Amino acid sequence: MAVTGLEGGAVSRGAVVVVLSGPSGAGKSTLERALRARRPDLAFSVSATTRPPRPGEVEGVHYRFVGVEAFERAVAAGEFLEHARVHGHLYGTPRPPVEACLRSGRSVLMDIDVQGAEQVRTSGLPAVFVFIAPPSVEVLADRLRGRGTEDVRSLERRLSDARCEMGAQGRFDHVVVNGDREAALAELLRLVDRVAPRWAAGGKA
Ligand code: 5GP
C-alpha cells in the first residue's frame, strides 16, 4: 500500500490522510458518515465551496460556503492543500487544519474529487487513496435521480462527470465497490483500521 511522506518529522505517530473519492451517487457520503460513526477519532476535513448550500447543510459542518472572490483569494494566498472545479463549482481543502491534525498524530478523512486526490498525492503528505465505486453506472444514475437533490442539468452533468471519474479508479490504492452497503462499510473500516492508528485527545494513540 502506498503510504508516503512519513519521513521528515512533520507528522507524528503514523497519522495519515484517508482520501475518499468517487462519483456523485456512489454512496460515498453515506459510507463516510457511517465510517465516522465507527471511527470518531478521525478528523473530518471541512472543504470550502462556492456551491450554494443544499437544504439541511450547515455552514462549517458540511462545508464552508464562500463566494468566488473569497475562494480565489484563498487560492492566491496558498491556503488550500488542493482545489478543483467540480460539476461547475469550486471546492478546496483548507491546509492548516489538516497539517495541525497530522502533527498531533490524528488522521484526517477527506471527501474530495479525483483531481483533488491527485494533488494530495503530489503534496507529499502521508495519504491513502480509496475510490468508492458504484456497482454500475446504471445504479449510479438511479441513485442520483432518487436522491432528488439535483435539477436536470446538474444531474446530467454529474452523470457525464461520473464516467470520467470512473476512469481514474486505477490510480487509487483501493477500490471499494458500494453494492451492499454493510459489506462496503466493513471493507472500508478494515482498511482504515489497518492504516490509520486510533487517536485520543491528549495525544495518546
Ligand atoms: P457535492 O457538491 O455533492 O457535495 O460534492 C461534489 C463533489 O465535490 C464530490 O465528488 C466531492 O467529493 C467533491 N469535493 C468536496 N469537497 C472537495 C474539496 O475540497 N476538493 C475537491 N477537489 N473536491 C471536493
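Predicted model: local features only at pLDDT ≥ 70, side-chain atom pairs only at ≥ 80, totals over all residues.
1. Helices (H or I, at least four residues) and strands (E, at least two) are taken here as DSSP runs, numbered from the N terminus. With that convention, His87 is placed in the loop between strand 5 and strand 6. Is His87 buried or exposed? His87 has a relative accessible area of 13%, and because buried means under 20%, His87 is counted as buried.

2. The ligand sits in the largest pocket, and the elements that give two or more residues to the shell around the ligand are strand 5 (80-86) and strand 6 (89-94). There are 18 residues around the ligand, and those that come nearest are Ser47, Arg51, Tyr63, Tyr91 and Asp111.

3. Which side chains have an N or O atom at 2.8 Å, 2.9 Å or 3.3 Å from an oxygen atom of the ligand? For Lys28, an N or O atom of the side chain is 2.8 Å from a ligand oxygen, while the corresponding separation for the side chain of Arg158 is 2.9 Å. For the side chain of Thr93, an N or O atom is 3.3 Å from an oxygen atom of the ligand. As for cover, the ligand has 510 Å² of accessible area on its own, and the protein covers 94% of that area.

4. The side chains of Arg51 and Glu57 are joined by a polar contact of 2.9 Å. Glu57 itself belongs to the loop between strand 3 (48-49) and strand 4 (64-65).

5. What joins the side chains of Asp41 and Arg39? The answer is a polar contact of 2.8 Å. Asp41 has a relative accessible area of 10% and is therefore buried.

6. On the cysteines, how many disulfides does the structure hold? The number is zero. Cys101 is buried, its relative accessible area being 15%, whereas Cys164, at 62% relative accessibility, counts as exposed.

7. Val130 is located in strand 8, and at 1% relative accessibility Val130 counts as buried. The C-alpha atoms of Val130 and Val19 are 5.9 Å apart in space, although the two residues are 111 residues apart in sequence. Gly124 is in the loop between helix 4 (114-123) and strand 8, and its relative accessibility of 41% makes Gly124 partly exposed. Gly124 and Ala26 are 98 residues apart in sequence, with 28 Å between their C-alpha atoms.

8. Asn178 is found in the loop between strand 9 (174-177) and helix 7, and its relative accessibility is 2%, for which reason Asn178 counts as buried. Between the C-alpha atoms of Asn178 and Gly167 there are 16 Å, for a separation of 11 residues along the chain. Ala196 has its place in the segment after helix 7, and with 1% relative accessibility Ala196 likewise counts as buried. Ala196 and Asp142 are 54 residues apart in sequence, and their C-alpha atoms are 33 Å apart in space.

Definitions and conventions
Residues numbered from 1 in each chain as written. Heavy atoms only, no water. Disulfide = S-S within 2.5 Å. Buried < 20%, exposed > 50% of the residue type's maximum accessible area, 1.4 Å probe, protein only. Near = heavy atom within 4 Å. Polar contact = N/O pair within 3.5 Å; in protein donor to acceptor, adjacent residues only side chain to side chain. Areas by Shrake-Rupley, 256 points an atom, 1.4 Å probe, with all protein chains shown as cover. 1 Å grid on protein atoms, 1.4 Å probe; cavity = no way out; pocket = protein on both sides within 12 Å on 5 of 7 lines; lining within 4 Å. Sits in = over half its atoms within 2 Å of the grid points.
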